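These are my notebook entries on one protein structure. I looked up its aromatic contacts, its core and its strand pairing.

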Amino acid sequence: RPAPVERAEGPRAGNGTRGSGLAADSAASASASTERESTWPPAARWTVSLLIVALGALLLLPSARRWATTEIAALEWSAIRSNEGTPLHLVGPSVALDSSGDALLIAFGNETMHPQRLNPRVMRLRGVAGDVAVWTSVPIPDTTAVPQPRWFGAAAHDATTDQLALFGGALGLTSPCLADTWLLRTDSLGQRRWSRVSTRGDGPTPRADARLAFDAARMRLVVHGGTDCFTVHYLDTWILTFDDATFRGGTWQQVRVDSSAGAPGAIPGRSVVIDAAADRLFLLAGRGGAAGREVVWLLEGIGDSLARWRRLTCANAPPALSQRALTYDAGSSALVAFGGYDATDRFSNEVWRLDALDASAAACTWTRIPTGSYAPAPRAAGFAGVSRHSGDLVIFGGTNGSTHFSDAWRLRGVLPPRAR
């Protein structure tokens, strides 16, 4: 710590008063300075002045940056401990956070302990809002029709009707793919039952690993992308409009898209989340981005006669990673991204939030959420959801290429909580 600086009082004058000597010295210095300045050419004096101003600006810049940056306190991860009913290490399960914000629904998936064996069960992990959760198997009556067990099926849950929607998926290691649509609902007796949606019109081709949103308020499902289980990666978007509030049947329609202003490529590793209520979706290009930074595309107007792709310019873009787990919170107009892997196949466990995603998204800004050292293992292709009541981020599963995880974690305070 530097020693305190004492105020200079100047030498004492012979009559015992202070300051007269300082005044004399100052006058002499001013006279000498005037003589020296008069010997400098005007151009040289201007150059020196500019150098002094530039040096001062450089010295002040770190302080200005510090004040301009919002400091974010580190958030702490909590591993959600569970009972021994944990499913085997599942690859590609269909996962959704239910309307309570306290339970995960996990359907099917491939059991890695038994190669080529598909999990036939639907599981519920209840208690993810706390530190201890319980796995239970969701009982399905034997008399009801059930979907074929599959992996990489798209899933979405609707909070208002408490229904889980399931679309597509794969039956084998690569094929065949499916294009069927199912709903898991609670009947009048309180039992969970599957019902297959009867669809009309030319719908999406069979596919796996698509993205799905359930917009029950407007009685529709929105499906985007996926793969044909081999090498084709889709960039198309479809809407299934239900006939009525029974959700038993509906009609498919493909969304027409204007790509004249550009569009993302149909490349593997993209990360997508759908904001169905606002008729839009967000796509992170991942390793298909530019200059190693994440590129965000917005497809807006998916409920209109013609949707449009628009590339966003968001501040503080993070490194480009593929297969991030994404979730969107309409109440905060914010997207949260977890994990992913880079061009060198290095996996991440970072959490990033993309804010200011209003209608224009003109001020969209990325912020890295700092976390403590106790955290989930780096991974990609997992599930992420935000409890709309608590604002906590919940993640489940994923892979690092050699290990397939079936663990669940919670990160408190990622987004502000909303009223119940």
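**Aromatic contacts**

I began with clusters of rings: Trp77, Phe338, Tyr374 and Trp409 form one aromatic cluster. I note here that the model is a predicted one.

I looked up two of them in detail. A pair of aromatic rings is described by the distance of the centres and the angle of the planes.

For Phe214 and Phe242, I found ring centres 6.3 Å apart and planes at 40 degrees, so I recorded the pair as tilted. Phe214 belongs to strand β15 (residues 211-215) and Phe242 to strand β17 (residues 233-242), so this pair ties together parts 28 residues apart in sequence. I checked burial as well: Phe214 and Phe242 are both buried.

For Trp352 and Trp366, the centres are 6.4 Å apart and the planes stand at 80 degrees, so the pair is edge-to-face. Trp352 is in strand β26 (residues 347-355) and Trp366 in strand β27 (residues 365-369), so parts 14 residues apart in sequence are tied together by the pair. Trp352 is buried, as is Trp366.

I also looked for charges over rings. The charged end of Arg207 sits over the ring of Tyr234, 4.1 Å from the ring centre. The charged end of Arg379 sits over the ring of Phe405, with 4.1 Å to that centre.

**The chain as a whole**

I counted 2 helices and 30 strands in the protein chain. Of its 420 residues, 44% are buried. I took the contacts between residues at least 6 apart in sequence and found that 53% of them join residues at least 24 apart. The protein chain exposes about 21,300 Å², of which carbon and sulfur atoms supply 55%.

**The largest nonpolar core**

Which residues have the most contacts inside the largest nonpolar core? I found Phe282, Val296, Leu312, Leu335, Leu354, Leu357 and Trp366, in a core of 18 residues. At least two residues of this core come from each of β21 (280-284), β22 (296-300), β24 (325-329), β25 (334-341) and β26.

Leaving aside neighbours within four places in sequence, Val296 is in contact with Phe282, Leu283, Leu284, Arg310, Arg311, Leu312, Leu354 and Trp366.

How many residues of β25 are buried? I found 8 of the 8, so β25 is largely enclosed by the rest of the structure.

I next looked up the partners of β25. β24 runs antiparallel to β25, and 5 bridges join them; Asp329 stands opposite Ala334 of β25. The two strands form a hairpin with 4 residues between them, and Ser333 in the turn has a positive phi of about 50 degrees.

β25 also pairs with β26, in the antiparallel sense and over 6 bridges. Here Tyr341 stands opposite Phe347 in β26. The hairpin of β25 and β26 has 5 residues between the strands, and Asp345 takes a positive phi near 60 degrees.

**A three-stranded sheet**

Last, I looked up an open sheet of 3 strands, which has the order β3-β6-β7 with antiparallel pairing. Its edge strands are β3 (90-91) and β7 (117-118), each pairing on one side only. I found 2 bridges between β3 and strand β6 (residues 110-111), which pair in the antiparallel sense. The bridge partner of Val91 in β6 is Asn110.

Key:
Residues numbered from 1 in each chain as written. Predicted model: local features only at pLDDT ≥ 70, side-chain atom pairs only at ≥ 80, totals over all residues. Heavy atoms only, no water. Phe/Tyr/Trp six-rings, centres within 6.5 Å; stacked < 30°, edge-to-face > 60°. Buried < 20%, exposed > 50% of the residue type's maximum accessible area, 1.4 Å probe, protein only. Lys NZ or Arg CZ within 6 Å of the ring centre and 35° of its normal. Pairing = 2+ DSSP bridges. Contact = heavy atoms within 4.5 Å. Areas by Shrake-Rupley, 256 points an atom, 1.4 Å probe, with all protein chains shown as cover. Core = buried A, V, L, I, M, F, W, Y, C linked by side-chain atoms within 4.5 Å.
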